[in-house]
Amino acid sequence: MKLDKNTIARLAAHLETCELEARDTLKITDEYPDMDWDDAYAIQDEIKRRKVARGARIVGLKAGLTSHAKMKQMGVETPVFGFLADYFAIPEGGEAKMSELIHPKVEPEIAFVTKAPLRGPGCHIGTVLAATDFVMPAIEVIDSRFRDFKFDLKSVVADNCSSSRFVVGGRMAPVDNLDLRTLGVVMEKNGQVVSLGAGAAVLGHPAAAIAMLANLLGERGEEIPAGTLILSGGITEAVAVESGDNVTLRIQDLGCVNMRFS
Ligand code: 0L1
Ligand code: MG
């Protein structure tokens with residue numbers, strides 16, 4: 001690691017304050033160009049610790065930058081992971097308050113809920129499917145704390161991978177009779193189709209994103225516990241939203257989920 005404990009605590013406090021006060025900042029690698037991956041995840045962990053210390057619950061995990069469309073949009077090559085806090089959850093059909101957000105974008109995702117622990121190394125699509133209780137549609141709202149979404153990957157990881165809000169709903173489907181690669185995905189904003197895709201856009205198979213996450217956590221001596229909600233990553237590029245927008249995601253065989261922005 002290149003950063004000391006005090007610097008990690010200061011950067012975590014700064015990024016979390018930007019999140020809570022809905023204001024942007026410059027990417028942190030401008031000030032600390034030598035920070036490494038361990039520093040980045042240590043800052044993310046410190047943000048999680050701060051939230052838990054204030055009484056928030058961690059309700060899930062997310063994989064990010066898992067599709068070629070997202071990697072291309074962001075000019076990066078490696079997937080990343082973050083956590084979901086309880087207050088990120090918007091009820092199905094509910095409203096995200098624009099006043100609490102900086103410059104939100106929405107992503108169509110497939111959410112997994114596990115029924116058995118997943119421990120890397122060595123997790124693969126088969127292990128993940130065997131440990132999956134059900135999948136369902138999810139809209140992830142990302143809201144990078146970095147000005148104009150201008151960042152590099154380490155800054156993104158420190159910023160909890162732009163995590164902000166999410167909604168899950170539709171149909172809870174067991175995976176036995178589903179081919180997650182070929183599930184068609186349609187996202188609409190105000191009744192207009194804005195994104196089209198299929199599950200395979202996420203690393204060839206959305207379960208591969210969950211396996212990758214289990215393997216990355218395994219390197220840190222951690223696992224994905226049974227009963228964990230995991231967002232497997234945007235299937236298409238993220239779409240910017242504004243006040244008054246209404247977003248609906250339809251996934252073949254999984255139904256639809258909807259949310260709006262006040
Ligand atoms: O969920 C995601 O794929 C977001 C990863 C972070 C990069 C971004 O803000 O787009
Ligand atoms: Mg996402």
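By residue class, the lining of the second largest cavity consists of five charged, three nonpolar and two polar residues. This cavity belongs to a predicted model, and its volume is about 50 Å³. The residues in its lining are Leu 15, Glu 16, Glu 19, Ile 47, Lys 51, Phe 88, Arg 145, Asp 159, Asn 160 and Ser 163. Two elements, α1 (5–21) and α2 (37–53), each give two or more residues to the lining of the second largest cavity. Of these, α1 supplies the largest share, with three residues. The charged members of the lining include Glu 16, Glu 19 and Lys 51, while Leu 15, Ile 47 and Phe 88 are nonpolar.

In total, two cavities of 30 Å³ or more are present in the structure. The elements giving two or more residues to the lining of the largest cavity are the strand β1 (58–64) and the helix α3 (68–74). By class, eight residues in the lining of the largest cavity are nonpolar, three are charged and two are polar. For the second largest cavity, the corresponding counts are three nonpolar, five charged and two polar residues.

Definitions and conventions. Residues are numbered from 1 along each chain as its sequence is written. Chains are lettered from A and ligands numbered from 1 in the order in which they are written. This is a predicted model: local features need pLDDT of at least 70, side-chain atom pairs count only at pLDDT 80 or more; totals for chains, interfaces and linings use all residues. Side-chain values use heavy atoms; hydrogens and water are left out. On a 1 Å grid over the protein atoms alone, a cavity is a set of points where a 1.4 Å probe fits but cannot get out, and a pocket is an open set with protein on both sides within 12 Å along at least five of seven lines; lining residues have an atom within 4 Å of a point. Grid points are joined across faces, edges and corners, and a volume is the space filled by probe spheres set on the points. Helices (H or I, at least four residues) and strands (E, at least two) are DSSP runs, numbered from the N terminus.
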